[in-house]
Amino acid sequence: MAARNLPPLRAVRAFEAAARSLSMTKAARELGVSPGAISHQIRLLEEFLGARLFLRETRKVSLTPAGRSFLPAITRGLDNIEEAAKRLTAVPLHTRVRVSVETTFAERWLVPRLAEFNAAYPEVEVELHGRPLDPETAAFRTNFAVAYGPRQYHGLAVERMMSEAIFPVCSPEVLETYALKELRDLGNGVRFIHDQTFRRYDWFPTWQVWLARHNLNDVDATQGLGLGTSHMTIVAARDGLGVALARGALVERDLADGTLVAPFGSDATFVFDYQTVGLQAVIEEPDVAIFREWLIEEGRQSPANEQAATGTSPVSAGARRGRS
């Protein structure tokens, strides 16, 4: 493509202002320059065009036929530039990344990490939606969803973010009271805490399923405290109300600060994945891609992800040393 042979744009703007008002003084006031500067720019434009644009008379100016012919095209051009600029300035410099995520996971795992993300990417705004939307539906209503469990998603871009194991946790006081050293000690009158959030999922282990997988069919896990959210389940365990089956990602901080312990390690018999699910075109948008890639990297570095892979818990080991 050949280079454009455009007249000096500053001179074009000076001409349009002067032609519109038929006054060098008014044009100068509009553009914030002196009348002499306006006259200079118009002379440059006339030299470029090889045509006179103004008739200069005492205390007034008027357009020549060439000037009258030139003005409409210049006005349209400047109007188009102005309109295009308005459209662009109406668009934010960055998008708000909208993510659908389970509320308890957001509260206990994601939100505590957002300060680090905000420090690294202050220009990217994140909006978390904790509504219990189906992940496939959420992928169309938000930029992407964080999905949990073994479900397959067809026609969407899916990438594993992290894994977590499901394992027993309790307070240090409960650990000591029931002398929980081996799995069979769960039959010593322990009170079980039941997280009922995932009762609707046939793949999520109840206490009965978890104990049966560990050949503890004689332990009665039907009794105990039933709670409607994972958050309440964790709080109850932390407050010494019994032993709960916990999701590793949700108890990372509690294990780290010692308010919860894992008596038998982060047993990896039951492991489930978190996945990011979204439309390919949407997750490739710059700000969305930044947050999604950061989220995946955080997940891979998460202690819960490592524990799910190894089936060990350093906090549990420390608790055992404390009892010896």
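The text below goes from the whole chain to its cavity.

The model is predicted: local features need pLDDT of at least 70 and side-chain atom pairs count only at pLDDT 80 or more, while totals for chains, interfaces and linings use all residues. Residues are numbered from 1 along each chain as its sequence is written, and side-chain values use heavy atoms, with hydrogens and water left out.

The protein contains 14 helices and ten strands, taken as DSSP runs (helices H or I, at least four residues; strands E, at least two) numbered from the N terminus. Its C-alpha trace spans about 110 × 40 × 35 Å along the principal axes. The radius of gyration, over C-alpha atoms, is set against a globule rule of 2.2 Å times the number of residues to the power 0.38.

| Item | Radius of gyration |
|---|---|
| The protein | 34 Å |

Of the 324 residues, 44% are buried (under 20% relative accessible area, 1.4 Å probe, protein chains only).

The whole structure holds one cavity of 30 Å³ or more. A cavity is a set of points on a 1 Å grid over the protein atoms alone where a 1.4 Å probe fits but cannot get out; lining residues have an atom within 4 Å of a point. The largest cavity has about 40 Å³ of space, the volume being that filled by probe spheres set on the points, which are joined across faces, edges and corners. Its lining consists of D195, S230, T233, I234, L245, A246, R247 and L250. Helix α9 (230-238) and strand β9 (243-247) each give two or more residues to this lining.

Terms used:
On a 1 Å grid over the protein atoms alone, a cavity is a set of points where a 1.4 Å probe fits but cannot get out, and a pocket is an open set with protein on both sides within 12 Å along at least five of seven lines; lining residues have an atom within 4 Å of a point. Buried means under 20% relative accessible area, exposed over 50%, partly exposed in between (1.4 Å probe, protein chains only).
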